[in-house]
Amino acid sequence: MATEKHCRHRIGLGTLGFTLIELMMVVAVVAILAAIAFPSYQNYVDRAKRADGKNLLMEMASRQERYYFDNNSYTTDPTELGYSSDPATSPDGYYTVSISNQPTGDITTGYTLTATPAAPFSDPDCGNLTLNSRGVKDRTGSEIMDRCW
């Protein structure tokens, strides 16, 4: 009878918890997954914020073309395009967009829209995004152009 109790007691002890090695293995696996997942998540968040600026650039370009149709020139004032401030702010507030003349200096022949990341968001990979009246897209960052636009 004593042997029977001793065996039951041993079986019960084996199921009480985890060993330190098992626990450390789980911690290591979680750390590896986090090290892989966090940069991917951060990249996804940056791309989503970048879309906010790109959408505003495209919308402003469309409004510039309508303005040109009515006035036979472009404008450097976003308030004339229906925005509440100069520079215009994107809907989610991650970018501000300003309008400048083409390199020729004449606003009647073209414009350049520049989307600048607004604090606290910064986009070192793509930097400022630009779009001009000819549809040419560019960026000031070092990332590959296709990934920024």
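Biologist: Where is Thr130 found, and is Thr130 buried or exposed?

Modeller: Helices (H or I, at least four residues) and strands (E, at least two) are DSSP runs, numbered from the N terminus, and Thr130 lies in strand β4, residues 129–132. Buried means under 20% relative accessible area, exposed over 50%, and partly exposed in between, with a 1.4 Å probe and protein chains only; Thr130 counts as buried because its relative accessibility is 18%. Please keep in mind that this is a predicted model, in which local features need pLDDT of at least 70 and side-chain atom pairs count only at pLDDT 80 or more, while totals for chains, interfaces and linings use all residues. Residues are numbered from 1 along each chain as its sequence is written, and side-chain values use heavy atoms, with hydrogens and water left out.

Biologist: Which residues does Thr130 touch?

Modeller: Contact means heavy atoms within 4.5 Å; not counting residues up to four places away in sequence, Thr130 touches several residues, including Thr112, Val136 and Trp149.

Biologist: In what order do the strands form the sheet?

Modeller: Strands of a sheet pair through backbone hydrogen bonds, either parallel or antiparallel. Two strands pair if DSSP finds at least two bridges between them, and here five strands form an open, antiparallel sheet in the order β1-β2-β3-β4-β5. Because β1 (88–89) and β5 (137–139) each have a single partner strand, they stand at the edges, with one side of each left without a neighbour in the sheet. Strand β3, residues 111–117, pairs with β4 over four bridges, and Ala115 has Leu129 of β4 as its bridge partner.
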